[in-house]
Amino acid sequence: MPSYIIDDNYLFYSIFIMIGKVLHEEHVELLMEEFTFLKKEVMGKDLLKGSLLFTAGPLAEERFGFPAFSGISRLTWLVSLFGELSLVSATLEERKEDQYMKMTVCLETENKRPLTWIEERGPGLKRNRHLSFHFKSGSLENIPNVGINKNIFLKDQNIFVQKLLGKYSEKELAAEKKRILHCLWLAEEIQKCCR
């Protein structure tokens, strides 16, 4: 088994990849209204630079994995929005006695545009995403309230059933598998860089 499989969720997820069927496990955020809005806003625009900061309360690494894996849905957002990314650098600041952690990852798009992904966790930090994307045609600094995320787990289940029934083309499945494996590879490289 590859070294990025660090717990039962990743093992489960990877088994489905190996048999050619992929659940949105750890990527259910792609089915949220915020991501749908963001995808429409970003489509066709030329990125100059961007950043995505995620904050939340403490999370035990021994239970949920290294932050690049426990936060892989944010990495998946960036890859889904801007294509395959290259790792430039990554740092991890930890104060275990304070239950504080900040991972800063500098990435680059295929067009050499800088993207920064920050995961920050600690007591008193609320679960939130802050983004800043600058394009030649303007900037996107926040996601407006675009509605309630309804039935995202049911949507995920329906997508999986459609895959089992062969309703997705081989091209769609191959593109999804490639994206997922790229995100897992990036997460592993980030972990190596931070250790």
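Is Glu119 buried or exposed? Glu119 is buried, with a relative accessible area of 0%. The model is predicted.

**Glu119**
- Glu119 is located in strand 4.
- Its side chain makes a polar contact of 2.7 Å with the side chain of Arg74, and another polar contact, of 3.0 Å, joins the side chains of Glu119 and Trp117.
- Not counting residues up to four places away in sequence, Glu119 touches Phe54, Gly71, Arg74, Met101, Lys102 and Met103.

**Nonpolar cores**
- The largest nonpolar core has 35 residues, and Leu78, Phe82, Met103, Leu107, Trp117, Phe133 and Ile190 are those with the most contacts inside it.
- Several elements each supply at least two residues of this core, among them helix 5 (72–82), strand 4 (114–121) and helix 7 (170–194).
- Apart from this core lies another, of 5 residues, including Val28 and Ile152.
- Leaving aside neighbours within four places in sequence, Leu78 is in contact with Leu52, Gly83, Leu85, Leu107, Leu115, Trp117 and Phe133.

**Salt bridges**
- The count comes to 12 salt bridges.
- Glu61 forms one with Arg195, with the closest N and O atoms 2.2 Å apart; Glu61 is in helix 3, Arg195 is in the segment after helix 7, and the two are 134 residues apart.
- Glu61 is partly exposed, at 24%, whereas Arg195 is exposed, at 54%.
- Glu84 forms a salt bridge with Lys178 at 3.7 Å between the closest N and O atoms.
- Glu84 lies in the loop between helix 5 and strand 2 and Lys178 in helix 7, so this pair ties together parts 94 residues apart in sequence.
- Glu93, Arg95 and Asp98 are linked in a network of salt bridges.

Terms used
Residues are numbered from 1 along each chain as its sequence is written. This is a predicted model: local features need pLDDT of at least 70, side-chain atom pairs count only at pLDDT 80 or more; totals for chains, interfaces and linings use all residues. Side-chain values use heavy atoms; hydrogens and water are left out. A nonpolar core is a set of buried Ala, Val, Leu, Ile, Met, Phe, Trp, Tyr and Cys residues joined through side-chain atoms within 4.5 Å. Buried means under 20% relative accessible area, exposed over 50%, partly exposed in between (1.4 Å probe, protein chains only). Helices (H or I, at least four residues) and strands (E, at least two) are DSSP runs, numbered from the N terminus. Contact means heavy atoms within 4.5 Å. A polar contact is a pair of N or O atoms within 3.5 Å; within protein, one must be able to donate a hydrogen and the other to accept it, and residues adjacent in sequence count only if both atoms are side-chain atoms. A salt bridge is a side-chain nitrogen of Lys or Arg within 4 Å of a carboxyl oxygen of Asp or Glu.
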